[in-house]
Every structure is written in structure tokens, then in C-alpha cells.
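Here is a short briefing to read alongside the model. Let's walk through the ligand surroundings and then the aromatic pairs.

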Amino acid sequence: MKIGVLTSGGDAPGMNAAIRAVVRSGILYGHEVYGIKDGYQGILDSNFVRLDHESVSGMLSKGGTFLGTARVPEFKDLDVQKRAVENLKEKGIEALIVIGGDGTYRGAMALSKLGIKCVALPGTIDNDIAGTDYTIGFQTAVETVVDALDKLRDTSTSHQRCSIVEVMGRNCGDLALVSGICGGAEFIITPENLIPKEDIIERLKEHKKNGRRHAIIVITEKILDVHKFADEITEKSGFSSRATVLGYIQRGGNPCPDDRILGSRMGAYAIELLNDGIYGVCVGVRDSRMIHLPFANVLDQARPKNELYKIVKKIS
Ligand code: ADP
Ligand code: F6P
């Protein structure tokens, strides 16, 4: 079979490990594997590159995605999707492995309906995909955020300050939650765990009264303006406060061992599925085992609330 592989949406550490596994295990089973540059744009531009064993050498440890990625809003248009299918068919590519988030999944589901054999792998630092315990890139992003929290705690303690740290995650609080717990944050505010500003200010006043020298607030992006919130805390709680927006550094860096393994397992598993004639599915990891589910099941499902919320109040 001729199999295409692409990465799409926000890049995530471990995407290269997944591509490498697709290429190496695909070749092992006698397939031809084509890298598609810059997400769905590469299909529209017929930008297909034959990949061999050597072309993915050295990729396992590299962050980002060597195939490039893009957001291609016009891909939601049926005519554009049909053009993509024509380009794939012209090249003889009958199967596609996509690595990305839920938007990428929707693109793959559309191509599946038009006859392309698609398998999707969850690649995003947000950990916001139903049907998998972890997405490729999440664990590395947690390490990056925890490293930043440790550093911010040093300076916050020295200056007796309250640090507000905004992390990514889109509409999912997992990155803030897991890194906040690991970094010993006093408050973790996420879309799943909104805390009224007044409550935070009251609790900060108590902290101050009890002689605490610092406080760390970790908050998911898009909830409030962290700089304005820092000013409000400074004004009302007695804790001088500063906001730090971690931004794109969270998406970069070499993948941690867990993401190298997850990407490798998922890439190899995607080829196994195609070998077995299974497609129109998304790959996930559940209780350490590889699973696959139909696109519609995953895209219609809300992600269950993270179990870790149960301990946040008990330990902060
Ligand atoms: P992510 O995959 O990380 O969620 P996006 O939401 O930006 O990132 O989606 C990545 C790309 O997937 C989009 O730029 C677009 O090309 C494609 N895509 C998103 N939503 C759809 C959709 N409803 N139908 C077809 N393609 C889509
Ligand atoms: O999905 C990954 C992600 O980094 C989100 O956490 C964030 O909201 C978004 O992408 C940022 O997208 P862009 O790269 O388009 O600014």
C-alpha cells in the first residue's frame, strides 16, 4: 500500500517519534510511506516526499515536526476535501495516517467519508482528546511547565510574591492541573475547576497573615487577563503579584521518554491497524494499552473530568 503521513494543528514533542515509527514499521511490512508537508496544505499542494528508513534517522529525540504543520481553515470545505482526495489518488496514496488534535481528526473523518483509509493519532500538548488517557506531547509540556514553576517559586519566595502562571491547553485544564500539582501550586484554575476571584483573594490574605512567603497560581489560558488579575491581587490581598505567560515554549523541546515511547507505540500500532484492514479510527492509550475507536465516537464524546481534581484541594 502507499501510505501518507502528516502532522497538523499545533506541533507537539513526540510527533517525530510517531512519524519515525510509521515509516520504519510501514517499510517493514512492505508499504511505501510518503511524508506530506505542512498538514492538509501538503495534500492540496501534492507535496509528497517518499520516506525511507534513513530519512527518519535522528528524529526520535527532536522536538517539533520535521514534516511541518499548518492550520488550513479552508479544509472544512467539501470541494477542498474532494480536491485533496484527487491529489492523493493521483499519487496512488490510498491510506493516510494523521497526527494532531481534534481539528485534525475532523479533517481525517471527512477524507474517510470520501474513501481514503484514515487512521488518526493524538498529537497535542493539550491532552484534550476523548478516547485516550494521554496525547503525544503532553508529558513533555508538563515537564516544561514544572521546570518554569520551580524557577518562578525561587524568585517568588525571595520577593514574597504571588506568581500567576498562564499555561496552554485550549479548553482543557489537564496541562495546568498536572503541572500545577507537580509544581506545588497553591491554586489551580482551569475550565473544569473555576474558582471565583474573590475566594482566591480571601485565601491569599490568610496566607499572608499566616506568614507564607509565596503563592503560585496556575491558570489555563483564555479564562481571564492574567496581568489585570495580578494587579487586582496586589491591590486587594497584600501579596505583591506578577503574571507570567509561558506561551510557545510549552510546545518546544526534545520529547521526554514517555512521549518518545507513546509516539513510537502509536505509530507502529497505526500500521498494524492498516495491515488488518482497520481504518476510520483514532488511536488511543488506555490503562497502558493501545486502543482504537471510530472517529465519530471520539469526536462526539466529552473527555471525562480528570481524576486528579479529587486530590487538588487536599494537598494544596
Ligand atoms: P488541532 O488538530 O490541534 O485541533 P486545528 O483545530 O487547528 O488543530 O485543526 C487542524 C487542521 O485540521 C485545521 O487547520 C484544518 O485544516 C483541519 N480541520 C479542522 N477542523 C476541520 C473540520 N471540521 N473539517 C475538516 N478539516 C478540519
Ligand atoms: O493545540 C495546541 C495549542 O498550543 C493550544 O494549547 C493553544 O491554544 C493553541 O495551540 C495556539 O495555537 P496557535 O499556534 O495557532 O497560536
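An oxygen atom of ligand 1 is 3.1 Å from an N or O atom in the side chain of D102, a polar contact, meaning a pair of N or O atoms within 3.5 Å (within protein, one must be able to donate a hydrogen and the other to accept it, and residues adjacent in sequence count only if both atoms are side-chain atoms). This is a predicted model, where local features need pLDDT of at least 70 and side-chain atom pairs count only at pLDDT 80 or more, while totals for chains, interfaces and linings use all residues. Residues are numbered from 1 along each chain as its sequence is written, chains are lettered from A and ligands numbered from 1 in the order in which they are written, and side-chain values use heavy atoms, with hydrogens and water left out.

**Around ligand 1**
- For ligand 1, a backbone N or O atom of G101 also lies 2.9 Å from an oxygen atom, and a polar side-chain atom of R170 lies 3.3 Å from an oxygen atom.
- On its own, ligand 1 has 550 Å² of accessible area, and the protein covers 85% of it (Shrake-Rupley method, 1.4 Å probe).
- There are 16 residues around ligand 1, and R71, V72, G101, G103 and T104 come nearest (a residue is near if one of its heavy atoms lies within 4 Å).
- Helix α4 gives the most to this shell, with five residues (helices are DSSP runs of H or I, at least four residues, numbered from the N terminus).
- By class, the shell around ligand 1 holds three nonpolar, eight polar and five charged residues (Asp, Glu, Lys and Arg count as charged; Ala, Val, Leu, Ile, Met, Phe, Trp, Tyr, Cys and Pro as nonpolar; the others, Gly among them, as polar).

**Around ligand 2**
- The residues surrounding ligand 2 include R71, T124, R170, K222 and R251.
- Oxygen atoms of ligand 2 lie 2.6 Å from an N or O atom in the side chain of D126, 2.6 Å from a polar side-chain atom of E221 and 3.2 Å from a backbone N or O atom of G169.
- Taken alone, ligand 2 exposes 400 Å², of which the protein buries 79%.
- Its shell divides into two nonpolar, two polar and six charged residues.

**Aromatic pairs**
- The count comes to three aromatic pairs (ring centres of Phe, Tyr and Trp, its six-membered ring, within 6.5 Å; planes under 30 degrees apart are stacked, over 60 edge-to-face, the rest tilted).
- Y105 and F295 have ring centres 6.3 Å apart and planes at 65 degrees, so this pair is edge-to-face.
- Y105 lies in helix α4 (residues 102-113) and F295 in helix α10 (residues 295-300), so the pair ties together parts 190 residues apart in sequence.

Definitions and conventions. Helices (H or I, at least four residues) and strands (E, at least two) are DSSP runs, numbered from the N terminus.
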